[in-house]
Structure formats: structure tokens, C-alpha cells
Amino acid sequence: MPGRYRRAAHRRSARHPAARRHSGPSGAQNNRAHQGSKRSFNRERRHMPDWENPGEARQHEKYERLIVKARQAPQMTTVVAHPCDESSLRGAVEAAEDGLMRPVLVGPAEKIRTVAKAHAIDISPFELVDAPHSDAAAAKAVEIIREGRAELLMKGSLHTDELMRAVTSSATGLRTARRISHVFVMDVPNYSETLFITDAAINIAPDLDAKRDIIQNAIDLFTAIGLGTPRVAILSAVETVTSKIPSTIDAAALCKMAERGQITGGILDGPLAFDNAIDPEAARIKGIRSEVAGRAQILVVPNLEAGNMLAKNLTFLARADAAGLVLGARVPIILTSRADNVRARLASCAVGVLFAEARRRTAPIQGG
């Protein structure tokens, strides 16, 4: 097969001599220069609005509103744990340049300086705290938070597990009475709502009590950043309660917990399948009548695997952006990915800033 493809390509080249015009040395050099220029142009475009396609910019206006609102809050001191690659270091610096935060960079000082110099990132305005390796950087970042010197924690290039070990340490971490959980804040083109998905990153197989905290964390975030009272859909494979699918029983119990005041601040319904949670027509066809069905704003998944696949499906098939935040600790924790574009990184920071500002007004961070 490969040989046949090569012969076919050769025949096409023979039929179209113009396709070989760059086969000589000077042509190859020109082609390489063109490709280099194209790569440089593409790198620049990642940092620019798509002016040639204004519909694309409008598709992500939900994030833009959050970022604009966060710029109006006071800059938050943010500890960045181990920003030792271009993506994590540039993300923190871009957020600072956008007026969202004052980063404190914690990690191997020489390595951070080397990365900054290699990628022309100016870190001179920011405090740099030396820590010899990623575990030490995570521990030092948490220590700075515990001393009351910062209001946000941001993941650098270390693995999420390394950071969360320091955060969840019983002796020196940032635990509270609430279960720690993760929320994806999704900007999905052609869906009118800012969509929260939880928990797709921290709790692998949460039980009923854990799901209660997961939902409450997401509701608290939704209301704190000024989005109103959320409509919460508790997802399963079907919208009827059956003992054969345990997540449907959990969903029904969680709705009853909300009725009894064990979950507050949101409107819950479940179990709901994904289609009738987000599509009014699907809900109508199934005969489901509720304030949530077809109009959900928070999607609560039964386990991490379902949430992770759902979030990535929206990201890669629906061109959604995904900002990430960890809740339930003493401070919000910003989780960004190396695959995130500039808009998603700034949105993660903006959501963290808005939540930290709301908490600052009600319960300032204390040292100790």
C-alpha cells in the first residue's frame, strides 16, 4: 500500500511539473522560510481575536464577559506552583499583564529564569521564590497560602497529583470541612448558557455525601461569580429512577436533599440524560417538565470518567473552551492545561479571581 501511494504521488508530480518547482536548493530554502513564517504567524494568531471571522469571537463572548468583570476586581496575589515550562509561565504572566493577578512564582529559580529567557517572557516585575523541585514548590506554595500572603493558588507545570498532595495534607494542607472538587467552566459555541461540568478531575467515584459537596461547591461558584441561581442537572444514562443504574438513585436522593435544605442555592432535577438536560426539544419529546430540563447550567456527572469524556467531547468536537477551578479548599485553585489557548487560561484566572473576591468580602483568608 505505501508503495502504491508513492507511485501515485509520483505520477501526479509528473503530470504537474509546477508542483516540483521548489525541488532545487533555492526553492527548498524558500519553502522552509515560508513554513517558518507560517508557523510564526500561527503562533501570533493564537493570541489574537479572529477578526476575519467575527462569528467565532461572538461564540466565546461568555468568557469575554467573565474576563471583563474580573478586571474590575482588585488584583489577587496568586501563588504559581512550579511554572517551569512556557505554557504555565506565560499563562501566569499574561494574566498579570491583563490585570487579573499579581503572581508569586515558586519553583527552581534558575530553571524558571532559563525558561523565561528562552521564550522572551519578562518575569522581572514578579516575586520569585526558590524551591528545588516540584514537590518542594507545591509545599512552599501551600505554606504561603497558609500564612495569609496570597488568595489564589495556580498550578504550574507539575502534575495535578503532586499539587493536590500538598493541598490535601492533613497537617499542612488547605483542607476545609467541605469535600474538594473540580469544576469545568465551559464556553460552548451555540449553547446560550455558561456550562459547568463537575466533577471531571478530582473525585473518581464519589458517593452520595461526596456528590452533595460537589454540587454545593459548583452552586457556590456559580452564584459567587454573578451568574444568578443555577439550574442543576444530575446526569445519568436515563431520566427514570431504576435500581439497575445506581446513579439514578443517587440523583433522586440528591434532589430530595435539596428539598430538605441539605443543598442550597440552586434548582435541582435528576436523573436526566444529557440530551434532555440541555435540549428543550429532547425534554419535550420525553415529556419532562421542570425548570431544569433542556436548560441546565450545571451538569453533575456520576463519576470522573463520564465527566472527563463529556468535557473533552465538548472541547474537541464542539470547539468549546474549558476553564478549570478546584473548590472546597481554603482558596480557589486554578488548574490550566498545556493544551489551553490564551482565552481559556485567562478565563480560568478570571473565574478564580471572581470567586476569591466574593470570598474576600465574606471571609478573608487568615494566616495560620
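1. I214 touches S181, T198, D199, N203 and P206, leaving aside residues up to four places away in sequence; contact here means heavy atoms within 4.5 Å. I214 belongs to helix 9, where helices (H or I, at least four residues) and strands (E, at least two) are DSSP runs numbered from the N terminus. With a relative accessible area of 2%, I214 is buried; the term buried stands for under 20% relative accessible area, exposed for over 50%, and partly exposed for values in between (1.4 Å probe, protein chains only). The C-alpha atoms of I214 and H182 are 7.9 Å apart in space, while the two residues are 32 apart in sequence.

2. The model is predicted, with local features requiring pLDDT of at least 70 and side-chain atom pairs counting only at pLDDT 80 or more, whereas totals for chains, interfaces and linings use all residues. Residues are numbered from 1 along each chain as its sequence is written, and side-chain values use heavy atoms, with hydrogens and water left out.

3. On the overall fold, the protein chain has 14 helices and 11 strands. Buried residues account for 47% of its 368 residues. Of the contacts between residues at least 6 apart in sequence, 72% join residues at least 24 apart.

4. Helix 9 (residues 208-224) and helix 10 (residues 246-259) have axes that come within 10 Å and cross at roughly 55 degrees; axes are lines fitted to C-alpha atoms, for helices over the stretch in contact, and angles run from 0 to 180 degrees between N-to-C directions. Helix 9 is therefore oblique to helix 10, given that angles under 35 degrees count as roughly parallel, over 145 as roughly antiparallel, 65 to 115 as roughly perpendicular and the rest as oblique. The crossing of helix 9 and helix 10 is right-handed, meaning that the near helix is turned clockwise from the far one by less than a right angle, with anticlockwise giving left-handed. L208, K211, R212 and I215 of helix 9 meet D250, A253, L254 and M257 of helix 10. These contact residues comprise 5 nonpolar, no polar and 3 charged (Ala, Val, Leu, Ile, Met, Phe, Trp, Tyr, Cys and Pro are nonpolar; Asp, Glu, Lys and Arg are charged; the others, Gly among them, are polar).

5. Helix 10 also contains T248, which counts as buried at 0% relative accessibility. A polar atom of the T248 side chain lies 2.7 Å from the backbone oxygen of I245. Beyond residues up to four places away in sequence, T248 touches S236, V238, T240, V241, T242 and P271.

6. The axes of helix 7 (134-146) and helix 8 (residues 160-168) come within 9 Å and cross at roughly 40 degrees, so the two helices are oblique to each other. Helix 7 passes helix 8 in a right-handed crossing. The contact involves S134, D135, A138, A139 and V142 of helix 7, together with E162, L163, R165, A166 and V167 of helix 8. By class, the residues of this contact are 6 nonpolar, 1 polar and 3 charged.

7. In helix 8, the buried residues are E162, L163, M164, A166 and V167. Their packing partners are strand 1 (76-81), helix 7, strand 4 (152-155), strand 10 (321-327) and strand 11.

8. The loop between strand 11 (333-335) and helix 14 (342-362) holds T336. At 13% relative accessibility, T336 counts as buried. T336 touches M154, K155, R345 and S348, not counting residues up to four places away in sequence.

Notes. A polar contact is a pair of N or O atoms within 3.5 Å; within protein, one must be able to donate a hydrogen and the other to accept it, and residues adjacent in sequence count only if both atoms are side-chain atoms.
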